[in-house]
Amino acid sequence: MKIKLVCVGGVRDSAIASAIDMYAKRIGHYWPFSIVNVADVRSPGAAERQKSLEGAKLLAEVAPGDFLLLLDERGRQYGSREFSDFLARKAVELPRNLILAVGGPYGFSKEVYDRSDAMLSLSKMTFPHELVRLFLCEQIYRAGTIQRGEPYHHD
């Protein structure tokens, strides 16, 4: 299984970008991992059109057979060990990629929701998308250390 994080827009804050890069490199010790940024679309006053255009770009990164997991406030919440177990199960079950998607400021289009296989929520709170990427990368790294019994995670 390969893990691909697909995000709408980029990371502007260099400190956050550096931390994301650090965890992305660490994740590579456990799973093949990549981050793809698709361009965000600026359509003032046209949120549905913006979601549709961003959704089409996002879906272009998803192949048939990929498992698409959306980061969404209505998704399932996991503890770190539960998320680690989820990734371990997917590593055995999936013949292709696990795609984790972070949408734009207005979320995902109907087409993206229709294609998705599941949704994940990091919290009931709303976070800046840059931080969501960082939190998610750290949790994927943590999941790898948990699977190998390494001393990073403490209960």
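Predicted model: local features only at pLDDT ≥ 70, side-chain atom pairs only at ≥ 80, totals over all residues.
Where is the place of Tyr 106? Tyr 106 sits in the loop between β4 and α4, the latter spanning 110-115.

Five strands make up an open sheet, in the order β2-β1-β4-β3-β5, and their pairing is parallel. The edges are held by β2 and β5 (118-120); each has a single partner strand, so one side of each has no neighbour in the sheet. Neighbouring strands are turned against each other by 30 degrees on average, with direction ignored.

Strand β2 (residues 33-38) pairs with β1 in the parallel sense over six bridges. Within β2, Val 38 is the residue opposite Val 8. Strand β4 (residues 97-102) also pairs with β1, in the parallel sense and over six bridges. Here Cys 7 stands opposite Val 102 of β4. The next pairing is that of β4 with β3, parallel and made over four bridges. Leu 70 has Ala 101 of β4 as its bridge partner. Finally, β3 (residues 67-76) is joined to β5 by four bridges, and these two strands run parallel. In β5, Ala 118 is the bridge partner of Leu 69.

How far are these strands covered? In β1, six of the seven residues are buried, which leaves the strand mostly covered. In β3, seven of the ten residues are buried, so β3 is largely enclosed by the rest of the structure.

Ile 3 has a relative accessible area of 1% and is buried. Not counting residues up to four places away in sequence, Ile 3 touches Trp 31, Pro 32, Phe 33, Ser 34, Leu 87, Leu 98, Leu 100 and Ile 140. Ile 3 and Arg 96 are 93 residues apart in sequence, while their C-alpha atoms are 9.1 Å apart in space.

The other residue is Lys 4, also found in β1, a strand made of residues 2-8. Is Lys 4 buried or exposed? With a relative accessible area of 15%, Lys 4 is buried, because the limit for that word is under 20%. Leaving aside neighbours within four places in sequence, Lys 4 is in contact with Ser 34, Val 36, Glu 61, Leu 98, Ile 99 and Leu 100.

Helix α5 lies across β1, β2, β3, β4 and β5, and runs at about 170 degrees to β1.

Helix α5 (residues 129-147) also meets helix α1 (residues 14-27): their axes come within 9 Å and cross at roughly 25 degrees. Angles under 35 degrees count as roughly parallel, so α1 is roughly parallel to α5. Their crossing is left-handed. On the α1 side the contact is made by Ile 16, Ala 19, Ile 20, Tyr 23, Arg 26 and Ile 27. On the α5 side, the residues include Leu 131, Leu 134, Cys 137 and Tyr 141. The residues of this contact divide into ten nonpolar, no polar and four charged.

A further contact joins α5 to helix α3 (residues 80-93), where the axes come within 8 Å and cross at roughly 75 degrees. The two helices are therefore roughly perpendicular to each other. Among the α3 residues making this contact are Phe 83, Leu 87 and Ala 88, and among those of α5 are Leu 136, Ile 140 and Ala 143. This contact divides into seven nonpolar, four polar and three charged residues.

Notes
Residues numbered from 1 in each chain as written. Heavy atoms only, no water. Axes fitted to C-alpha atoms, helices over the stretch in contact; angles between N-to-C directions. Parallel < 35°, antiparallel > 145°, perpendicular 65-115°, else oblique. Left-handed = near helix turned anticlockwise from the far one by under 90°. Contact = heavy atoms within 4.5 Å. Nonpolar A, V, L, I, M, F, W, Y, C, P; charged D, E, K, R; others polar. Buried < 20%, exposed > 50% of the residue type's maximum accessible area, 1.4 Å probe, protein only. Pairing = 2+ DSSP bridges.
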